[in-house]
Amino acid sequence: VGSETMRFEAPPLCRALFALPASGPPPAAGARVAPSAAFSLAAGGRWTRPTAAVWRGASLALPLLLARRHRGSMGKGGGGRGDWPGGKYGGGGDGGAGNAPAGNGRRWGPKGSGDGASKGGGSKGGGGKTPWSFVHMCDDSDSLGLLALSKQIPDDWIDQHHGGRRSRDRMHSTLLLKMTEPVHLQRLERLVQTTSPLRVEISELFCEPVDRIQDAEVYCIGVALASPGLRTLKDAWTAEEPEDRRKVHVPYDSEGHISLAYIRAEFKQQAQAFVQQHATALKDGRGLVVDHISYQDEQGQEHQLVLGGGGGGPGGGSSGSRAKGVPEGGVTLKDIDGSVLEGGGQILRMSGGYSALLGIPLRISKIRAGRSKPGLAAQHLESLRLVRDVSGGSLTDDCIGSCEVTLQPGPLAPGGFYADPGTAGSITLMIQASLPPLLFAGGASEANLKGGTDVSFSPPFDFCQRVLLPSLKRMGADCSVDCLRRGVFPQGGGHVRFTTPGLTEPLRPIDLSVQGKPSQIEAVLH
């Protein structure tokens, strides 16, 4: 470690914030760079990583800017978040094994032991998806007013542990579940050829208990949809299925609904009053014209089947089928090669944070190509989803094992956020990924993060609390972090509350080129 050299190129954003040069002269071959030079923000160029003792003792302004070797987060991936089991959706959530029945005709049925029929499905585990089709209900102009309404729900009402607040890209309504046979897609492709664009309106704004959640009393604010055209399309598709199989694909009788936010029990009355206040306004005749059906295949790729003869599906080669991740309006994606340098997870976290901060859509390929098990693990996946939520953007191909993802950030906005990889994945690395956009979100934010607080190959919680945050405070960002529960490998289970202020001015530069003398030594035992 003492003489190993690594290339450090200061990104333009870092140079602008901290007056970093783009490059600098390398040290002599085999020479060790003194700690004062290694940690000077003006060093640049080639540098030598210092010894472990110096690493622990140095006071870094932004440790996430330093290239370093690590083995990634500890713990196995698991099956995804599993936010939507039971009820109308069934199944076990994104990329996970199902744990609930297909539903019983209500909005939310009791939790059970089914076989993975959820949105985003995943009875295949290991990152596979169960094909299904759906309709996006929040267009660029927010025709139904769903995004605007969701933003009016106060953050402190939101139950982040049991679903949180729906982001724009998740405001969709199911058309057909469990499209596992080739004939299922072929039938839908044939039907959309003869189906004209459909109109969707809001029939009801509701606040109802979520029966499938057994460990807490949770309510949901959502909207019920009215669209005879969608109902007709569903009926035409299921008419060609055996009668005893129809409920597998369309397990409920309504024309669709969308969950906007999951509400804590203590705010039930306020939520009900909120619904009464806004119910009439949403039923003023506003509507959305649906011109395509979205189909997600086993790889998690989303394709558009254009209504009225323009779509051919993922297998037809027609120009009407566009894989999700190809931006609308000619926006160019920034391609990031995830195999450079160590080929680990750090480039994911850095790229995602800068993408959200600068508003640049990107595609990251060859993810963790330098690892024995390439592709997204649970901690990397949840870090990217956290960045997506902070930016109000969209993330495609986000499943365990995926080697390529596309992040399209939206406008930054403060709020309450939640992330839980379901493993001992490092919480401090999730803070690294989300820190840049959170600082510049335009207001105070709070993130409740679960996983590992003290795991191998990642900064421990106490480094974050005692080194990173004091340095950020000197720069004008008075963040705070509270450890509600420690979590270690392999169980995880840690819980950290991370809060960021609303910055009112640019970050101030600081000079760390002179190493101070230790004034005291303190041990932290847990």
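Gln 346, Arg 349, Gly 353, Ala 356 and Leu 357 of helix 10 meet Leu 429, Gln 432, Ala 433, Pro 436 and Pro 437 of helix 12, where contact means heavy atoms within 4.5 Å. This is a predicted model, in which local features need pLDDT of at least 70 and side-chain atom pairs count only at pLDDT 80 or more, while totals for chains, interfaces and linings use all residues. Residues are numbered from 1 along each chain as its sequence is written, and side-chain values use heavy atoms, with hydrogens and water left out. The protein has 13 helices and 18 strands; helices (H or I, at least four residues) and strands (E, at least two) are DSSP runs, numbered from the N terminus.

**Helix 10 and helix 12**

- The contact of helix 10 with helix 12 divides into six nonpolar, three polar and one charged residues. Here Ala, Val, Leu, Ile, Met, Phe, Trp, Tyr, Cys and Pro count as nonpolar, Asp, Glu, Lys and Arg as charged, and the others, Gly among them, as polar.
- The axes of helix 10 (residues 346–358) and helix 12 (residues 427–439) come within 7 Å and cross at roughly 20 degrees. Axes are lines fitted to C-alpha atoms, for helices over the stretch in contact, and angles run from 0 to 180 degrees between N-to-C directions.
- That angle makes helix 10 roughly parallel to helix 12. Angles under 35 degrees count as roughly parallel, over 145 as roughly antiparallel, 65 to 115 as roughly perpendicular and the rest as oblique.
- Helix 10 passes helix 12 in a right-handed crossing. A crossing is right-handed if the near helix is turned clockwise from the far one by less than a right angle, and left-handed if anticlockwise.

**Helix 5 and helix 6**

- For helix 5 (residues 182–193) and helix 6 (residues 228–238), the axes come within 10 Å and cross at roughly 135 degrees. That makes helix 5 oblique to helix 6.
- This crossing of helix 5 and helix 6 is right-handed.
- Helix 5 brings His 184, Arg 187, Leu 188 and Leu 191 to the contact, and helix 6 brings Leu 233, Ala 236 and Trp 237. By class, there are five nonpolar, one polar and one charged residues.

**Nonpolar cores**

- The largest nonpolar core has 45 residues, and those with the most contacts inside it are Met 137, Leu 146, Leu 188, Ile 221, Val 223, Ile 263 and Ile 293. Such a core is a set of buried Ala, Val, Leu, Ile, Met, Phe, Trp, Tyr and Cys residues joined through side-chain atoms within 4.5 Å.
- Strand 5 (residues 198–209) gives this core its largest share, five residues.
- A second, separate core of 28 residues includes Ile 431, Ala 447, Phe 461 and Met 475.
- Beyond four places away in sequence, Val 223 touches several residues, among them Leu 146, Ile 202, Phe 206 and Leu 282.

- Leu 395 lies in strand 13 (residues 394–396) and is buried, with a relative accessible area of 4%. Buried means under 20% relative accessible area, exposed over 50%, and partly exposed in between (1.4 Å probe, protein chains only).
- Leu 395 and Leu 407 are twelve residues apart in sequence and 4.7 Å apart in space, C-alpha to C-alpha.
- Ser 150, in helix 4 (residues 146–151), counts as buried at 2% relative accessibility. Leaving aside neighbours within four places in sequence, Ser 150 is in contact with Arg 165, Arg 166, Met 171 and Leu 260.

**Whole protein**

- Buried residues make up 54% of the 526 residues in the protein.
- Among contacts with a separation of 6 or more, 69% join residues 24 or more positions apart.
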